[in-house]
2 protein chains.
Amino acid sequence: MRDWITRNEPAVLRELVSLLAIPNLASDSINIRRNADTLVAMLTRRGITARKLEVAGSPPAVYGELRTPGATRTIVMYAHYDGQPVDPAQWATPPWTPTMRDAPLDRNGSVIPLPDRGGILGDDARLYARSASDDKSPIVAMLAALDALRAARIPLTVNLKFFLEGEEEAGSDHLEAMLRQHAGLLTADGWIFCDGPVHQSRRPQVVFGVRGVMGAELTVYGPARALHSGHYGNWAPNPSVLLAHLLASMRDTEGSITIAGFNDDVRAVGSAERAAIAAAPPVDTLLRRELALGDVEGNGVPILERLLAPALNVRGLDGGPVGSGAANVIPTHATASIDFRLVPNQTPARVRELVEAHVRAQGYHIVHAEPTREERLQQARVARIQWEQGYPGMRTDMDAQFSRAIMKTVAAATGGEAAVIPMLGGSLPMYLFAEILRTPLAIVPMVNHDNNQHAANENLRIGNLRAGIELYAGLFAALGAEWQRSSRSSRSSRSSRGAMTSP
Amino acid sequence: MRDWITRNEPAVLRELVSLLAIPNLASDSINIRRNADTLVAMLTRRGITARKLEVAGSPPAVYGELRTPGATRTIVMYAHYDGQPVDPAQWATPPWTPTMRDAPLDRNGSVIPLPDRGGILGDDARLYARSASDDKSPIVAMLAALDALRAARIPLTVNLKFFLEGEEEAGSDHLEAMLRQHAGLLTADGWIFCDGPVHQSRRPQVVFGVRGVMGAELTVYGPARALHSGHYGNWAPNPSVLLAHLLASMRDTEGSITIAGFNDDVRAVGSAERAAIAAAPPVDTLLRRELALGDVEGNGVPILERLLAPALNVRGLDGGPVGSGAANVIPTHATASIDFRLVPNQTPARVRELVEAHVRAQGYHIVHAEPTREERLQQARVARIQWEQGYPGMRTDMDAQFSRAIMKTVAAATGGEAAVIPMLGGSLPMYLFAEILRTPLAIVPMVNHDNNQHAANENLRIGNLRAGIELYAGLFAALGAEWQRSSRSSRSSRSSRGAMTSP
């Protein structure tokens with residue numbers, strides 16, 4: 001496999017550079033279509049049945065299908081081919097003029113020509129272009145993986161589908177309609193997402209979930225005009241004090257949310273998740289030192305396990321100026337900006353209900369717009385809650401056959417190097433795939449973390465391209481076989497291991 | 001008395017206008033001395049033994065003494081003769097060119113000449129000049145009161161002293177030294193402060209105390225740099241949540257301070273204070289309507305009683321932006337700006353000790369400067385407290401003979417109209433007089449509340465000048481006699497009323 005990669009690297013890079021040279025803003029309907037047509041051609045060249053998928057008003061997605069004789073499982077490989085907007089003035093070389101350097105820009109890498117033979121570039125050489133990492137190189141890597149397997153006559157063990165989105169960086173406005181309209185085509189036993197970077201340690205990683213998110217702004221009210229804190233202090237209600245008590249009633253200092261019923265829908269952490277966390281490289285101590293944290297929330301539970309629980313973050317807090325700007329007043333209102341991080345099986349609608357019930361139980365009348373003078377006069381306490389839409393989290397059970405097969409296959413393809421992360425703390429709308437298509441999902445990324453994603457001078461580290469081709473080749477070759485083995489062992493062990501399996 | 005005032009109003013106004021024509025910034029050492037010399041002459045003209053008091057670097061205070069044959073009590077009348085800085089461009093007429101108008105400026109009052117006979121001006125005519133209200137007119141009123149009593153051959157019943165300060169509006173930097181250095185001269189049985197306005201209803205008032213104040217800024221810490229709230233939320237400590245819990249631990253939503261020991265030094269409210277509050281015009285309902293307050297702190301206790309208790313006001317609160325400026329972060333720190341309002345017998349030093357002990361008991365390591373990285377790493381929780389100097393409150397017991405005599409005398413002089421206020425919620429450094437001279441104090445003001453004090457177009461309402469002369473004449477004539485009666489009745493009733501007297 002490595003030999004093939006070395007020998008064919010010039011051709012792989014040429015294909016990638018041709019793709020990167022096509023401007024790819026989702027809003028640039030002519031060029032985005034040129035990208036899609038190019039991708040259809042790239043897939044077709046590999047014998048993949050390919051076409052564009054569209055719904056009214058959307059940039060096209062590219063769909064492809066490759067059946068494997070004898071395979072019983074089908075996976076969909078996801079990537080997006082559109083990119084973030086660019087400010088060319090910020091770029092060292094133009095964003096759609098792919099440029100190779102022998103080292104990263106911040107280590108004074110020099111521009112070099114594309115190599116005409118393999119083995120010339122160091123692992124830390126970089127290819128600079130918009131979407132060099134996010135997400136065009138994973139597309140080229142998965143196709144190169146297919147080429148390499150064929151050249152080595154190694155058969156695939158899964159049926160492959162491809163779903164290459166054309167408006168991810170523009171907010172995926174048409175994604176839900178696209179998934180619903182083409183749900184039949186997109187049916188599979190699992191989805192693999194190639195978006196995002198590997199671990200900051202440059203170790204590969206497999207991720208089985210993301211938290212959801214829902215923002216809320218909570219405002220409580222004091223007097224109709226700011227009052228002298230001497231003449232009215234401890235008679236006129238102080239909204240900052242009310243807000244402090246309200247926030248303190250909602251969560252404790254260890255991060256546990258104390259809103260009645262809030263944790264009822266939280267799916268328990270299974271034994272496979274616990275095992276993965278125990279096996280993951282211990283980062284807590286390093287992080288605490290880096291962040292100067294004398295203590296952390298959660299009574300010493302490792303961060304990876306904490307991220308499997310929901311969070312209530314006070315991201316902003318405003319009850320009038322402090323420092324030299326502070327005045328001796330009781331302010332008219334105080335506001336907290338909150339983001340809830342949600343985990344399966346919590347839903348934004350249910351969280352909203354529970355939070356409002358909690359605030360009501362603290363004696364507040366809830367409004368969703370600026371309260372009127374009459375409301376403030378008639379109600380003992382008024383809280384305004386402004387909800388953002390939000391979306392739920394997603395987590396594929398690591399005990400699932402799909403998950404076990406992915407973990408084993410990735411471990412084999414990376415020499416056991418890959419970290420297994422049950423869930424990212426951050427949020428992506430992956431729930432859409434899980435809810436509409438009802439399949440398990442995993443993120444198996446390949447690009448470097450220091451890729452300037454979304455910014456100027458986005459780049460791909462050549463070592464990551466090489467590792468990515470190997471990784472995806474390993475998945476295509478072994479996943480189906482591993483999956484069937486998991487399935488058999490799962491059936492045989494279920495009766496004896498039942499008590500150990502979490503609900 | 002009213003006849004005398006009517007007949008002599010032109011002369012009283014001429015004396016006031018002459019005094020107001022002398023610029024009176026404490027920093028203007030030549031003019032401030034001209035004021036002092038003029039005042040010494042005005043006092044001397046009435047047979048008062050007068051002179052300037054000075055300490056190193058201070059503007060002079062004017063001291064006067066008038067013994068009353070047979071009187072057994074001595075009071076000091078306090079006012080200040082310096083004024084706030086002026087911005088002449090903001091004034092309708094120059095600040096040190098006293099100008100009479102037949103009505104207030106905001107009701108289009110016209111400039112009129114000083115009257116050459118009494119009975120011409122309406123009560124709502126206004127004299128515009130810097131210090132027309134704050135505080136030169138009380139000085140002229142008390143001297144006119146003396147003149148009126150003499151003309152009517154009504155004897156005084158107290159010995160009088162006068163202390164006219166020359167740098168009150170500049171911060172009273174030398175006041176403490178002045179009081180200590182001249183404590184012997186300033187010895188008395190009580191002080192009466194003529195500073196400040198009457199009630200907004202235009203009713204006269206007597207006030208027996210003011211709350212003290214001490215500011216503090218409280219900062220608690222999270223991570224050394226702002227973190228993504230998804231990737232770190234419910235693992236990295238959220239400083240806004242810590243602050244909410246800490247504030248909630250310090251006081252409840254009814255205004256009660258829950259810091260251990262905080263209320264131990266609070267002097268109990270006596271029966272006389274309770275009686276005064278019960279007799280005061282009920283303002284709570286009106287205020288609640290005006291301020292759109294559906295509820296107030298203190299479980300329905302009237303505002304006048306609430307102001308006898310200490311307060312913990314959160315006057316500012318900052319844990320990062322809210323609204324459209326909010327970011328999905330865990331911020332590095334959160335800060336509350338607090339002012340404590342203190343009541344007798346609390347001291348700033350003791351409050352500081354108790355607050356720090358409370359914060360420590362919540363698990364915090366306290367620092368008084370920005371904590372180092374090492375401190376943040378080594379301590380589970382770090383709180384920075386920045387204290388302002390502050391000063392204690394002052395309250396003269398309304399059960400004291402002095403207080404009872406003042407209340408009776410003022411009631412007689414005002415036809416029972418005066419409101420009795422146990423304590424102002426706001427803060428003035430009157431503790432200095434109480435602590436150094438160890439005498440009871442009362443505030444008996446006379447000027448209108450709508451006097452533009454400290455601002456442009458400061459003015460005196462002529463009706464208030466008239467009432468002020470009557471009020472001070474009533475005090476001088478009756479206070480001593482009333483005091484002696486109070487003293488006798490107090491001695492006779494002490495044994496039977498002992499159980500009802502608060503500690």
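Predicted model: local features only at pLDDT ≥ 70, side-chain atom pairs only at ≥ 80, totals over all residues.
**Stop 1: the interface**

Start by selecting the residues where chain B meets chain A. The contact draws 78 residues from chain B and 79 residues from chain A. Together the two chains bury about 6,700 Å². Of that area, 57% is on carbon and sulfur atoms.

Next, turn to the polar side of the interface. Here 48 residue pairs are in polar contact across it, with both partners at pLDDT 80 or more. Colour the chain B side by residue class. It divides into 35 nonpolar, 24 polar and 19 charged residues.

**Stop 2: a salt bridge between chains**

How many salt bridges cross the interface of chain B and chain A? There are 2. Select Arg225(B) and Glu290(A) to see one of them. The closest N and O atoms of this pair are 2.5 Å apart.

Arg225(B) sits in the loop between strand S10 (209-221) and strand S11 (227-228) of chain B. Glu290(A) belongs to helix H8 (residues 284-290) of chain A.

**Stop 3: salt bridges within the chains**

Widen the view to the whole model. Over all chains, the count comes to 56 salt bridges.

Go to Lys52(A) and Asp37(A) in chain A. Their closest N and O atoms are 2.7 Å apart, in a salt bridge. Lys52(A) lies in strand S1 (residues 49-53), and Asp37(A) lies in helix H2 (residues 29-45), so the pair ties together parts that are 15 residues apart in sequence. Check the surface around both. Lys52(A) is partly exposed at 27% relative accessibility. Asp37(A) is partly exposed at 37%.

Jump to chain B and pick Glu356(B) and Arg352(B). This salt bridge has its closest N and O atoms 4.0 Å apart. Both residues lie in helix H10 (residues 348-361) of chain B. They are 4 residues apart, about one turn of the helix. Compare their surroundings. Glu356(B) has a relative accessible area of 8%, so it is buried. Arg352(B) is partly exposed, at 34% relative accessibility.

Back in chain A, select Arg107(A), Asp124(A), Arg126(A), Arg202(A), Asp450(A) and Arg461(A) as one group. A network of salt bridges links these residues.

**Stop 4: Thr99(A)**

Thr99(A) is in strand S4 (residues 99-101) of chain A. It is buried, because its relative accessibility of 9% is under 20%.

What does the side chain of Thr99(A) reach? It comes to 2.7 Å from the backbone oxygen of Thr97(A).

**Stop 5: helix H6 of chain A**

Select residues 239-250 of chain A, which make up helix H6.

H6(A) is mostly covered, with 11 of its 12 residues buried. Among them are Pro239(A), Val241(A), Leu242(A), Leu243(A), Leu246(A), Leu247(A) and Met250(A). Ser240(A) and Ser249(A) are also buried.

Then step to the N-terminal end. Which residue caps it? Asn238(A) does, with a side-chain oxygen 3.0 Å from the backbone nitrogen of Ser240(A).

**Stop 6: Leu432(B)**

Finish in chain B at Leu432(B), part of helix H13 (residues 431-437). Leu432(B) is buried, because its relative accessibility is 9%.

Select its contacts, leaving out residues up to four places away in sequence. Leu432(B) touches Leu175(B), Glu176(B), Leu179(B) and Leu437(B). Met394(B) and Leu432(B) are 38 residues apart in sequence. In space, their C-alpha atoms are 8.9 Å apart.

Key. Residues numbered from 1 in each chain as written. Chains lettered and ligands numbered in written order. Heavy atoms only, no water. Contact = heavy atoms within 4.5 Å. Buried area = accessible area lost by both parts, 1.4 Å probe. Salt bridge = Lys/Arg side-chain N within 4 Å of Asp/Glu carboxyl O. Polar contact = N/O pair within 3.5 Å; in protein donor to acceptor, adjacent residues only side chain to side chain. Nonpolar A, V, L, I, M, F, W, Y, C, P; charged D, E, K, R; others polar. Helix = DSSP H or I, 4+ residues; strand = E, 2+ residues; numbered from the N terminus. Buried < 20%, exposed > 50% of the residue type's maximum accessible area, 1.4 Å probe, protein only. Expected span 1.5 Å × (residues − 1).
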